[in-house]
Amino acid sequence: MGNRVTRGDFEWVYTDQPHTQRRKEILARYPAIKSLMGSDPHLKWIVTGMVLTQLLACYLMRNLAWKWVFFWAYGFGGCINHSITLAIHDISHNVAFGNKQTKWNRWFAVFANLPVGLPYSASFKKYHIDHHRYLGGDALDVDVPTDFEGWFFCTPFRKLIWIAIQPFVYSLRPLYVNPKAITEMEIFNALVQFSIDLTIYYLWGWKPIVYLIAGTILAMGLHPISGHFIAEHYMFLKGYETYSYYGPLNWITFNVGYHMEHHDFPSIPGSRLPMVKKIAAEYYDTLPQHQSWVLVLWDFIFDDNISPYSRVKRKCKLVSKFS
């Protein structure tokens with residue numbers, strides 16, 4: 001991992017991210033992995049089915065009591081919406097229609113965004129590429145918590161609050177850390193999203209809108225699936241800044257748990273990442289992994305050695321340029 005300096009806060013490193021070198025080694029040894037790159041022809045149909053399922057759920061929510069709206073938002077709709085955000089993550093790497101159809105990928109991400117309730121896909125695409133290029137990069141990777149987050153959210157109760165409000169922190173942090181100009185695609189994303197929201201409200205009232213948005217916020221906060229946010233890059237074991245998880249929640253999250261593999265090969269669709277691990281098993285079987293996202297949340301909250309400070313911050317140059 002190179003030279004490290006720990007100052008009682010973030011662990012600073014001054015070397016390139018580990019995924020660059022490992023990707024070169026694996027491709028040199030297993031060139032067949034290149035055949036896994038490209039589009040996933042099934043992704044667009046799976047996502048379309050999820051969007052239609054949520055629209056049907058909106059219709060069913062229209063006359064339910066409010067307590068049941070929130071119950072189903074947390075237990076059902078939120079799971080689908082969180083899964084959709086991870087589909088949008090896959091789509092941001094152009095795996096729905098391939099690299100030659102970037103506009104189709106972006107438009108389809110806007111369509112996938114509809115059940116989330118708030119415009120998300122275009123802004124995510126803009127910042128997520130930086131997360132891959134400059135993993136841990138100071139003021140470049142907006143997934144790294146701010147100094148204030150690391151300082152303030154340091155007790156079990158405060159860390160619990162931080163997890164609960166994670167959707168707001170995650171969406172607002174880029175505006176402070178690395179603000180960028182609003183793009184035409186973000187405006188298009190917002191116009192389409194709010195038009196559909198208004199249409200749903202006109203047809204069925206407030207309850208379906210609350211169902212969608214509350215589900216998104218709840219499932220990306222204090223929810224078993226949201227454990228992946230912390231599991232992916234928080235240093236539970238010194239010297240390792242990226243982790244994978246191979247448990248059953250991958251079935252509903254587009255294999256986002258195969259995170260080492262994803263950072264090594266971001267152009268491979270999530271559906272094929274298990275094949276990467278199978279082909280290059282000796283590179284991944286020896287790396288630390290998480291057994292449960294629920295336990296990750298538990299350890300994060302109650303372990304005094306783990307906090308928003310448990311991330312690598314990297315003084316980096318412009319490295320690893322890929323999308």
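Residues are numbered from 1 along each chain as its sequence is written. As the model is predicted, local features need pLDDT of at least 70, side-chain atom pairs count only at pLDDT 80 or more, totals for chains, interfaces and linings use all residues, and side-chain values use heavy atoms, with hydrogens and water left out.

The score pLDDT is the predictor's confidence in each residue, from 0 to 100. Its average over the protein chain is 92, and 94% of the residues score at least 70. One is residues 1-8, for which the model has 23 contacts beyond four places in sequence, where contact means heavy atoms within 4.5 Å. The other is residues 318-323, with 19 such contacts.

An unreviewed UniProt entry places the feature "transmembrane region" at residues 68-87, 107-124 and 210-231. UniProt positions are given in the numbering used here, feature names are shortened, and annotations may be inferred rather than shown by experiment. In the model, residues 68-87 are 100% helix and 0% strand, and their end C-alpha atoms are 27 Å apart. Residues 107-124 are 61% helix and 0% strand, with end C-alpha atoms 13 Å apart. Helices (H or I, at least four residues) and strands (E, at least two) are DSSP runs, numbered from the N terminus.

Helix α4 has 12 residues and reaches 17 Å from its first C-alpha to its last, close to the 16 Å expected at 1.5 Å a residue; the expected span is 1.5 Å times one less than the number of residues. Its buried residues are N105, F108, A109, V110, A112 and N113. Buried means under 20% relative accessible area, exposed over 50%, and partly exposed in between (1.4 Å probe, protein chains only). The buried residues of α4 pack against α2, α3, α5 (121-133) and α9 (184-204).

Helix α5 has 13 residues and spans 19 Å between its first and last C-alpha, close to the expected 18 Å. Because 11 of its 13 residues are buried, α5 is largely enclosed by the rest of the structure. Among the buried residues of α5 are K125, K126, H128, D130, H131 and H132. The partners against which the buried residues of α5 pack are α3, α4, α8 (166-177), α9, α11 and α12 (259-264).

The next topic is the nonpolar cores. A nonpolar core is a set of buried Ala, Val, Leu, Ile, Met, Phe, Trp, Tyr and Cys residues joined through side-chain atoms within 4.5 Å. The largest has 34 residues, and V47, W162, I230 and F300 have the most contacts inside it. Two or more residues of this core come from each of α2 (43-61), α3 (66-91), α4 (102-113), α7 (156-164), α11 (227-233) and α15 (293-302). Helix α3 gives the largest share, 6 residues. Leaving aside neighbours within four places in sequence, W162 is in contact with P145, E149, F153, V169, R173, I230, Y234, F300 and P308. A second, separate core of 14 residues includes I33, L36, F265 and Y283.

Two residues in strands come next. S244 lies in strand β3 (residues 244-245). S244 counts as buried because its relative accessibility is 2%. A polar atom of its side chain lies 3.1 Å from the backbone nitrogen of H259. Beyond four places in sequence, the contacts of S244 include G257, Y258, H259, P288 and H290.

H290 is in strand β4 (residues 289-290). With a relative accessible area of 10%, H290 is buried. Its side chain reaches the backbone oxygen of A231 at 3.2 Å. Not counting residues up to four places away in sequence, H290 touches A231, F236, Y243, S244, Y245, Y246 and V296.

Two loop residues complete the tour. Most residues other than glycine have a negative phi. N94, which is not a glycine, has a positive phi near 65 degrees. N94 lies in the loop between α3 and α4 and, at 7% relative accessibility, counts as buried. A139 also is not a glycine and has a positive phi of about 65 degrees. A139 lies in the loop between α5 and α6 (147-152) and, at 40% relative accessibility, counts as partly exposed.

Technical notes:
Polar contact = N/O pair within 3.5 Å; in protein donor to acceptor, adjacent residues only side chain to side chain.
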